[in-house]
Amino acid sequence: MKLTKIMSFTAVISAAIPMVHADITVGVVTSSSGPVAMVGIPQRNTIALLPKKIGTENVRYISLDDGSDPTATVKAMNKLIKENNVDAIIGPSGSPNAMAALGIIAKAGVPLLAPVGTSGVVVPMDAQRKWVFKTTQNDDLIAQALVQDMVKRKIKTLGFIGTADPYGENWSRVISTLAAKNGISVTIKESFQRQDTSLTGQALKLVAKKPQAILIAAPGSSAVTPQVALYDRGYRGQVYQTHGAALDQFLKLGGKKVENTILAASLMLVINEVPNNHPSKQIAQKYINDYKALYGVVPATFGANVYDAGLLLNKAVPIALKQAKPGTAQFRQALRTALEQTKELPATQGVYTMTAMDHSGFDQRGRVMITVKNGQWKLLK
């Protein structure tokens, strides 16, 4: 997407969200068009629910669409940093987009709250990644739950298919390590592009190996295509998905062909079945209710990752304000430090506790085991 289109989209968002004199400026980059739009649209929509004021300071949000293109992500972030002098950035929607932006963020010294899937944006921690705070569960936290379920089911052979990008590649590494530690052999690995519409070749290879289970690692609507291809080629073993598939469109697009799928993901998918004493339930329910009141539909969990970024900023900004004024390098550094010191902060997805080496901060409260029954998400029991 050309930069002119990005700028015109900004004008649309600016008209939709009332702008007031702001002391704090936050950029938001989402993929509300292109292949990742199912992820990006609820994230863009969630901007209207972010805090308009933190402490005594007004907050202004500048929203840009990268069209699911990493090159456009880089242009958008450069614009936000150089022209708008943002104090923080929320986004982007896609893992490849976030990976492309690491160097820019670190050089500018601007905290990035990244609502993306791959843990590659925060692991391994280094001089670039110390400016990134991931608002979703790391791959290993989700993978541990999936492998535990495989062990219970006495699964010994596993097939894998994932996107040929940082999301799928990191999942391939994580699942291989965990599977080996638990006596599970990954007998075949396949990959595909997010925009691929036919995966016949990969499906035939996977089916021919006859693994007891297959894990699909793909975000948004791209998670459906390989599962449908496997079903159409006769595969009836257990299919696992990552939290990248955690959206209602997965059910609508997959229909009966995704029945009995198992994944580990946010409690939002099955919020009515989650105990009332879960620290995230009340917060998640408020987000769902507010989003539905504004847009008339229930939000995808991906939108909640942006909402949680707002909660993290709401906690960290007052601390940073004690040390410096917005619009300065000193404030951005203080904000980064404050985010890193977040402790036991309940949010829609789980509870955040950040450290210098952990910029995701979730524990087991950040996941539940879910399955598909009669076309609906259900808590796996």
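This is a predicted model: local features need pLDDT of at least 70, side-chain atom pairs count only at pLDDT 80 or more; totals for chains, interfaces and linings use all residues.
Local features need pLDDT of at least 70, side-chain atom pairs count only at pLDDT 80 or more, and totals for chains, interfaces and linings use all residues. Residues are numbered from 1 along each chain as its sequence is written, and side-chain values use heavy atoms, without hydrogens or water.

The unreviewed UniProt entry annotates residues 24-367 as "domain: Leucine-binding protein". Such annotations may be inferred rather than shown by experiment; positions follow the numbering used here, and feature names are shortened. The span is 41% helix and 17% strand. Its end C-alpha atoms lie 32 Å apart. Helices (H or I, at least four residues) and strands (E, at least two) are DSSP runs, numbered from the N terminus.

Seven strands form an open, mixed sheet in the order E8-E7-E9-E10-E11-E14-E15. Strands count as paired if DSSP finds at least two bridges between them. E8 and E15 (376-379) are the edge strands, each pairing on one side only. The twist averages 25° from one strand to the next. Angles run from 0 to 180 degrees between N-to-C directions, with axes fitted to C-alpha atoms, for helices over the stretch in contact.

E7 (residues 157-163) and E8 (residues 185-192) pair in the parallel sense over seven bridges. Phe160 has Lys189 of E8 as its bridge partner. Helix H6 (residues 166-181) links E7 to E8 in a right-handed β-α-β crossover: with the strands pointing away from the viewer, the path from the first strand over the helix to the second runs clockwise. E11 (residues 262-265) and E14 (residues 368-373) pair in the antiparallel sense over four bridges. Here Ile262 is bridged to Thr371 of E14.

H6 lies across E7, E8 and E9 (213-217), at about 165° to E7. Helix H7 (residues 200-209) touches E7, E8 and E9, where contact means heavy atoms within 4.5 Å. The direction of H7 makes about 175° with that of E8.
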